[in-house]
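Biologist: I would like to know what stands behind the words used for a model. Let us take them one by one.

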Amino acid sequence: VVSIAKFGEIFTDSVQFTRPTNATQYAAGDIVRDNATDRKFLPITVGRQTNGSSGYIISASLVTDTANVATGTFSLLLFRDTTGMGATLPADNAAYTFNIAAHDKHFVGLINFTLSAYGLLHSRAFASDLRVPFDLRSTSTKKLWGVLIATGAYTPAHGGKFIIRLTSQQN
C-alpha cells in the first residue's frame, strides 16, 4: 500500500510599511512599525483560497531599504485573530507590553530574523525550513496579524521601508 499526501498550493504574500522619519534608537523589545498614530496589527494575507483556510508558513523574509540596519535582530509575532485583544498597540519605538499568554488561543507563532547587508541599498533576512501552522477555519478571513519587535538595540535610518514576506502552503 502506497500512501501519497496531497500538498496544497504555495503562495507568497507580503506587507510593507515605512517607519517614521526619525533615527531614534530601538531597544530590545520595542515595536517597529509605520508610525505613532496608526497602531493596529499588521495584516498579512496568507494564500488565495477562500476565507477560513489552514496550512503552514514554510519560509519568511524581512527586507529593509537601508543598509545601516545590518545585524538588526527582530521577531515577528503572528496571531490568527485580534478579537478581544484591543484595537491598538503601543506606538513605534515603544516597548511591547502585550501579554501573549493571555491571548494564547490567538497566537500562531513567531519568526526570528537577523538582517545582513546586501550591497549598499538594503538589508535582508531569511527564515527557511519553517513549519509554522495556522488555522483560520474558525475566522472569516485569510489574514494573519503581525507585530514586528526589535530583539536587540539598533539605530534605524530616517523613514526606512520594511517588507515582510510570508510563504505559505495551504492545506
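Predicted model: local features only at pLDDT ≥ 70, side-chain atom pairs only at ≥ 80, totals over all residues.

Modeller: Residues are numbered from 1 along each chain as its sequence is written, and side-chain values use heavy atoms, with hydrogens and water left out.

Biologist: How many helices and strands are in the protein chain?

Modeller: Zero helices and eleven strands. Both are DSSP runs, numbered from the N terminus: helices are H or I, at least four residues, and strands are E, at least two.

Biologist: What makes aspartate 92 and arginine 19 a salt bridge?

Modeller: The term asks for a side-chain nitrogen of Lys or Arg within 4 Å of a carboxyl oxygen of Asp or Glu. Here N to O is 3.7 Å, so the pair qualifies. Aspartate 92 and arginine 19 are 73 residues apart.

Biologist: Why is arginine 19 called buried?

Modeller: Buried means under 20% relative accessible area, exposed over 50%, partly exposed in between (1.4 Å probe, protein chains only). Arginine 19 has 2%, so it is buried.

Biologist: Why does aspartate 34 count as buried?

Modeller: Its value is 19%, and the limit is under 20%, so aspartate 34 is buried. Its side chain meets arginine 33 in a salt bridge at 3.6 Å, N to O.

Biologist: Which residues touch the most other members of the largest nonpolar core?

Modeller: Val32, Phe74, Leu78 and Leu166, out of 29 residues. Such a core is a set of buried Ala, Val, Leu, Ile, Met, Phe, Trp, Tyr and Cys residues joined through side-chain atoms within 4.5 Å.
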